[in-house]
Structure formats: structure tokens, C-alpha cells
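I opened the model to note a few things about packing, pairing and chain contacts. The entries follow in the order I looked them up.

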Amino acid sequence: MKATTTLLRLPVMAALTLGLSAQAMAETPRAAWHAQIGHGYEQLASSTNTFAQLTSEYCAEPTDAGLQAVREQWLSAFNSWQAVRFVDFGPIEQNTRAWKFQFWPDPKNLTASKARYWLGNDKPIDVDVLSRDSVAIQGFPAAEYLLYDPQITDGERALPAERSCALLRAISGNLKQNAEGLSADWGQLQSRYLEVNDYNNGTLTSAMHALEIMADWRLAAPLGVRGTGRPNPYLADAWRSEQSLVTLRASLQGMADYFVPGLNLLMAENNAADLAEQFSIQLNKTLAHFDGLPADITPLLETEEGVASLTALLEDVRATGAILTGPVASKLGIVRGFNSSDGD
Amino acid sequence: MLTRRGFLKASLAGASVTAASACSTGALLGRPAPLELVSAVNDAEGRHYISGVDSRGQQRFQIPVAERCHGGCPQPHGDHVVVFARRPGREMHVINTRTGQLERSVHAGDGHHYYGHGVYSPDARLLYVTMNNYHTSAGLVRVYDAFDGYRQVADFDLQGIGPHELRLHPDGDTLIVALGGIETHPDYDRIKLNLDRMEPALLLLDRHSGAVTARYTPSHHQLSCRHLDVSPDGVVIAGYQYEGPEWETPPLLARLDTATGVFSEPELPQEELAGLRNYTASIAISRHAPLAVVTAPLGNRAIIINYRTGELLQRVAVQDVAGALPFGEQGFVVTSGLGGVYLLSADNDQAVPHGSFPVRWDNHLTPGQFIGA
């Protein structure tokens with residue numbers, strides 16, 4: 001398992017760095033974060049590019065195998081997004097970009113009504129027009145609606161119907177364009193990111209925030225342990241494609257790949273490599289849950305055992321976040337303000 | 001009658017408490033201390049309240065509310081303070097400051113929500129409130145009659161999106177409205193729907209007719225004009241929140257001299273500007289000296305400027321600082337989301353602790369009593 005070996009190797013790497021000379025420390029925490037997150041953004045650009053390409057090929061010459069390939073590539077690209085979703089600063093914050101990748105949560109099912117609006121008229125659809133419409137029609141969930149929702153797949157608008165194909169081409173082309181822009185702008189941020197010390201805290205708090213969203217919104221809400229108190233599978237990330245646990249795993253794996261290396265260096269610089277190791281061990285433990293779980297949350301909500309296993313996963317996601325908000329934050333003197341994290 | 005002198009006395013009583021503990025005259029005479037400030041707060045468990053603190057630093061009431069609240073305003077010479085819910089902002093709460101009780105809650109009505117700020121007319125009768133019609137995204141000022149159970153009496157269309165804080169000009173007839181320009185929807189409260197085509201502004205409005213009499217535009221379309229205060233001599237200082245890239249440092253303050261109609265954006269030294277992190281929370285202007293305070297919770301600092309010249313006078317570090325009010329002759333009181341209350345002055349680069357409470361003070365402070373402009 002690649003994930004496990006990566007996770008186990010990192011604390012050792014940090015320990016080595018600790019013992020090495022100042023020259024070896026040229027690899028700073030922020031240099032590592034910038035490089036790793038940049039790698040994640042490149043992955044997103046490349047996988048959305050493939051998604052757009054496969055969509056065009058399929059719509060030009062539709063086959064069952066072609067549709068299957070488009071679906072698989074949608075999931076692969078969506079997972080690349082999940083892997084970098086923890087980053088909530090820098091160019092992703094500009095012009096509602098994060099929402100353009102994933103409009104979520106969507107309690108009013110705006111995604112479906114926007115898609116039906118576009119399918120139900122004759123207006124020309126292209127990337128440019130779509131990019132100026134609501135964020136609800138621009139991202140992965142809108143593509144998922146066309147690829148998986150029975151409202152589409154069981155009716156006359158099922159792919160490769162002309163309007164559905166045109167809409168999916170525009171959505172995938174727009175995703176590709178946004179991912180390329182994001183990746184390029186992240187490169188532009190490099191000198192500033194490396195220069196400004198505040199980005200240490202910014203990067204850490206974004207990871208804390210992402211783990212809270214995973215626990216509270218991506219797990220606890222569909223599980224019904226917050227909000228109404230009733231389980232609701234429609235609150236999960238990818239209920240249409242039935243992949244909500246796969247996408248959650250991708251987010252945790254993204255933190256292991258793109259966040260942990262910089263964290264290890266930062267904690268080593270602060271003589272607290274043990275805390276970074278504690279975080280990796282807990283993250284690893286959380287990731288291990290998925291080996292015994294299905295791809296989606298919905299079937300687990302139907303049995304007691306299922307609910308118990310989701311609850312155990314939730315506890316481990318919370319425990320992962322608690323290492324950052326507890327000992328790591330206190331070691332580094334990070335204060336998360338009430339007003340600074342949610343103003344108006 | 002609660003006048004400027006009344007508040008000043010209250011403020012001084014507050015100041016003396018810090019020095020002389022509980023031995024204030026009021027306590028000896030058994031008179032309740034005047035209410036000093038009202039604010040939305042959260043407790044550690046994330047529950048929402050409206051809290052009132054008196055000039056001895058004692059908490060006078062803590063009223064539980066369903067939604068997190070934002071700003072508020074005191075009724076001139078009256079007993080009411082109104083505090084507004086925010087995001088989605090479906091209710092405003094009228095609190096009787098004499099009894100410390102919630103007197104009534106007014107619902108925003110179908111298709112509408114509050115933005116978190118309001119102001120009363122000088123005769124205490126009319127309450128002007130910024131609102132959103134979220135079906136049309138039209139920003140408006142709604143007028144309520146406080147003498148008739150807060151009955152809705154008029155809606156003024158602002159020809160713009162996202163009105164936020166508003167104040168009454170010292171002429172008593174003009175409303176000054178910060179128009180943020182950002183479209184939101186209560187069903188999707190965290191998302192800003194129109195960042196690429198914002199049209200923020202600072203507006204002057206005739207409070208009798210609702211006519212927009214002047215409109216001033218920030219130098220960049222993503223400078224969201226949010227909070228403001230006006231001096232007794234009619235100088236408005238407004239604070240921006242920049243929605244563009246975090247690595248840019250556009251101006252964050254606007255200054256409007258309503259006597260001359262000159263609108264400008266005071267420049268701060270680059271390093272000071274960068275320290276505010278493109279986000280200002282509260283603006284408060286002194287009633288007695290040409291001073292304004294600007295809080296910047298992302299930058300964990302407050303700055304004090306001379307509002308006449310726009311010159312920066314002081315920078316004070318306060319973690320998670322947001323709420324601000326004028327205090328005494330020359331100073332300000334500010335609150336932190338970490339629970340602290342502090343006094344600031346232009347001649348001190350340190351915040352002076354003025355009490356600490358087991359609450360998270362929210363974005364804005366409302367005077368417990370009316371301060372005349």
C-alpha cells in the first residue's frame with residue numbers, strides 16, 4: 001500500500017532533517033508545502049484535462065465503454081480535487097474558485113434545477129457562457145448529475161443526447177480551464193508564500209478547518225449526529241455516484257501527501273517532531289478504516305453495524321483534527337480567533 | 001434623558017472601576033450602574049446570546065438567541081437596543097435595557113433577511129434597517145415604527161446589492177449607508193455569488209423620501225464597503241474588505257467629508273496596510289477628539305487615525321479584535337473574540353485590559369445608551 005509506506009516514511013525523514021546541518025534545512029516547511037500543494041494542483045489540471053478530452057471523444061463517437069471511461073475519469077478528477085480541497089487560502093480563494101469546482105452542500109438541489117434549465121432550452125452552450133452562469137452548474141456535482149442521476153440516465157436526456165453532451169463538454173472544459181488557472185496562479189504565489197511567515201499558520205489552520213468540515217459536514221451531517229438528528233445520505237459529498245467515502249478518503253490521503261511533509265519539517269524546526277509523528281500515526285489509523293468500508297455512506301446508514309463503523313470513522317477523523325487544534329496549535333502558539341475566522 | 005454627558009459619565013464610571021475596584025458611588029448608593037455596552041456573543045460551546053455589560057464591568061443580562069447576531073443600535077433617549085441576527089439574519093431582537101429582557105423579536109418576512117445593522121431616527125420613532133430581498137438581490141433600507149410595535153412602514157430601494165452598516169448623519173435627515181456589493185443567498189450563506197461583478201458604494205440617503213442623494217465609489221470594484229461611523233462634524237470613515245487576491249494591498253479606508261462632498265481613500269504606509277490583511281471589522285469615531293479606530297481581526301490589530309487628516313497615529317496589537325466604541329474623552333473600548341475587553345488611546349501602543357469575560361465577543365459593540373453625534 002503506497003499510502004501507508006508514504007505515511008510511515010515521513011516521520012523518519014523529519015527526524016533526519018532535524019539531525020542535519022543548516023544547509024539541509026534549505027528545504028523549509030513552506031517550500032515543501034508549496035511544492036506538494038503545487039503538485040496536487042498539477043494533478044487536478046491534468047485529470048480535468050483528461051476528463052474534458054474523454055468527454056469530447058465520447059460525445060463525438062458514443063460507446064458504452066466510452067461512457068464508462070468518462071465516468072471513471074470524472075471520479076478520478078473529482079478525487080484530485082478532494083486531495084487539494086484542504087487548501088483554503090491563496091488563488092483558490094479568488095473569484096469563488098472553490099465553489100466552481102464543487103458547489104456543496106446543496107440543500108435545495110440547485111445543481112439539478114440549473115442543469116434542467118440548460119437542458120430544457122436551445123441557448124448555445126459553451127465554456128465561456130457556462131463560466132458566467134451560477135457556480136452550481138460549473139463543477140463536479142453538475143457533471144455527476146449528468147453522469148449518474150436517474151432523472152437523466154433513465155430518460156431521453158441520457159448521454160449521449162445532444163444537449164446533455166454539450167453541457168457535459170462545457171462543464172468539463174470549464175473545470176479544466178479553472179484547474180489550469182489555479183495551478184498557474186499557485187506558481188505565481190510562490191515567492192510571497194515563501195517570504196511571509198504568516199502562511200505557516202494559514203496552512204495549518206486550513207488543515208484544521210478541512211478536518212472539521214470532514215467530521216462535521218461530510219460525516220456527522222449525513223450520519224444525523226448533528227443538525228436535524230436524522231440520517232440524510234443526500235448531505236454527503238457524492239451521493240449521486242455513491243462514492244462519498246471514496247471522496248472522503250481522497251481528502252485524507254491528500255492531507256497525507258500534500259500537507260504532512262511540510263508539517264513534519266515545521267514540527268522538527270520547533271523541536272516537536274514527535275507531534276508530527278503522532279499526527280501521521282493518527283491519520284494513518286483513520287485511513288485504515290476505509291479498507292473495510294464500501295464506496296458510499298448510504299448502505300451503512302441502513303444497519304446498526306454500518307452506523308457503528310461510520311461513527312468509529314468519525315471519531316478517528318475528529319481525533320486527527322484534535323492533534324492539530326490541540327498539541328500542535330499550542331506548541332506553535334496558534335490562536336484561531338472567533339472574529340478572524342468568521343467575520344461579516 | 002441620556003445625553004452625551006450621560007454617556008461620558010457612564011464611561012468615566014467605567015474607567016474609575018478599573019482603578020478603584022467596586023467602590024463606585026453608584027454601588028454605595030445602591031443605584032444600578034448604567035449599561036455600557038451590548039454585544040452578540042457566543043459561549044465556548046457555540047451557543048448564541050445577546051449580552052449586556054454595565055459600567056462596573058458586571059454582566060447585566062445574557063439572552064439566548066437561535067441565530068448568531070451581528071450589530072445593533074440604541075434608541076435615542078429610550079429603553080430599546082435592537083440587535084440583528086446574521087446569516088441568515090431572519091430576526092431582529094428588541095431588548096429593553098431597563099429590564100434586561102427581550103421585549104420582542106421581529107421577523108424579516110418572506111424572501112428577506114437582515115444584514116446586521118440599523119439606526120434610529122433622532123426622535124426615536126423610526127428604525128432604519130439594511131436588508132436583502134433575496135429573490136431579487138435588491139438591497140434596501142426598511143423603515144419600522146418603534147412606537148407602533150415595530151410595524152413596517154416603508155422600504156427604500158438602494159439600487160444596489162448588499163447594504164451593510166448605516167448611520168445617521170448629524171444633520172438628522174441623511175442616512176449614510178455602506179453598500180458592500182456582495183450578493184448572497186440565505187440558503188447558501190457562505191458563498192459570495194458575484195465577486196467578479198461587484199459594485200460597492202458609499203451612499204447618502206434622504207431618510208424621509210428614501211432618495212439616494214449621493215453615491216461614492218471605491219477605487220476597486222472588489223473593495224466591499226462594510227462598516228462606518230460619522231463624526232459630529234460630518235466626516236465619515238468607512239472600512240473596506242477586499243475580495244481580491246490576499247497578496248494585493250489596496251486601500252482599506254474611505255473618508256467622506258459631507259460638508260464639502262470630497263471622497264478620498266486615506267493612504268496608510270504599505271507595511272501597516274499589509275498588517276490589516278485586507279479586512280476591517282468595526283469603525284468607531286470619537287465624539288470629542290478627531291480620532292477614529294479601525295479594528296482588523298485577521299491582522300490581530302487595531303489602528304487609530306486622525307479622521308481629519310487621515311494620518312495614522314497608533315497601532316495596537318489585540319488578538320482577534322473586532323468590536324469597537326468610543327470611550328471617554330479620547331479613547332476607545334474594543335473587544336476580542338477571545339473574551340477580553342480593552343481600552344485604547346492614541347498615545348499608548350498597548351491595549352489596557354478592561355475586563356475579561358468567558359464569552360467570544362462578536363464583530364460589533366452597541367452602546368448600552370445612545371451617544372449623540
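Leaving aside its neighbours within four places in sequence, which residues is Leu146(A) in contact with? I keep in mind that this is a predicted model. I found Leu146(A) in contact with Ala115(A), Ile152(A), Leu159(A), Ser164(A), Leu167(A) and Leu168(A), with sequence neighbours within four places left out.

Next I looked up the nonpolar cores. The largest has 97 residues, and Leu146(A), Ala207(A) and Met255(A) are those with the most contacts inside it. Helix H11 of chain A, residues 244-269, gives the most to this core, namely 15 residues. I also noted a second, separate core of 92 residues, which includes Ala40(B), Cys73(B), Leu252(B) and Tyr279(B).

Then I turned to a sheet in chain B. Four strands make up an open sheet, ordered S8-S9-S10-S11, with antiparallel pairing. Strand S8 (112-120) and strand S11 (151-157) of chain B are at the edges with a single partner strand each, so one side of each has no neighbour in the sheet. From one strand to the next the twist averages 30°. Between strand S9 (residues 126-133) and strand S10 (residues 138-145) of chain B I found eight bridges in the antiparallel sense. Asn132(B) stands opposite Gly139(B) in S10(B).

Last, I checked where the chains touch. On chain A, 17 residues are in contact with 24 residues of chain B. Helix H9 (162-195) and helix H15 (338-341) of chain A are the elements that give two or more residues to that side of chain A. H15(A) gives the most, with three residues. I sorted the residues of this side into six nonpolar, seven polar and four charged.

Note on methods
Residues are numbered from 1 along each chain as its sequence is written. Chains are lettered from A and ligands numbered from 1 in the order in which they are written. This is a predicted model: local features need pLDDT of at least 70, side-chain atom pairs count only at pLDDT 80 or more; totals for chains, interfaces and linings use all residues. Two residues are in contact if their C-beta atoms, placed from the backbone, lie within 7 Å. Ala, Val, Leu, Ile, Met, Phe, Trp, Tyr, Cys and Pro count as nonpolar, Asp, Glu, Lys and Arg as charged, and the others, Gly among them, as polar. A nonpolar core is a set of buried Ala, Val, Leu, Ile, Met, Phe, Trp, Tyr and Cys residues joined through C-beta atoms within 7 Å. A residue is buried if 20 or more other C-beta atoms lie within 10 Å of its own, exposed if 12 or fewer, and partly exposed in between; C-beta atoms are placed from the backbone. Two strands pair if DSSP finds at least two bridges between them. Axes are lines fitted to C-alpha atoms, for helices over the stretch in contact, and angles run from 0 to 180 degrees between N-to-C directions.
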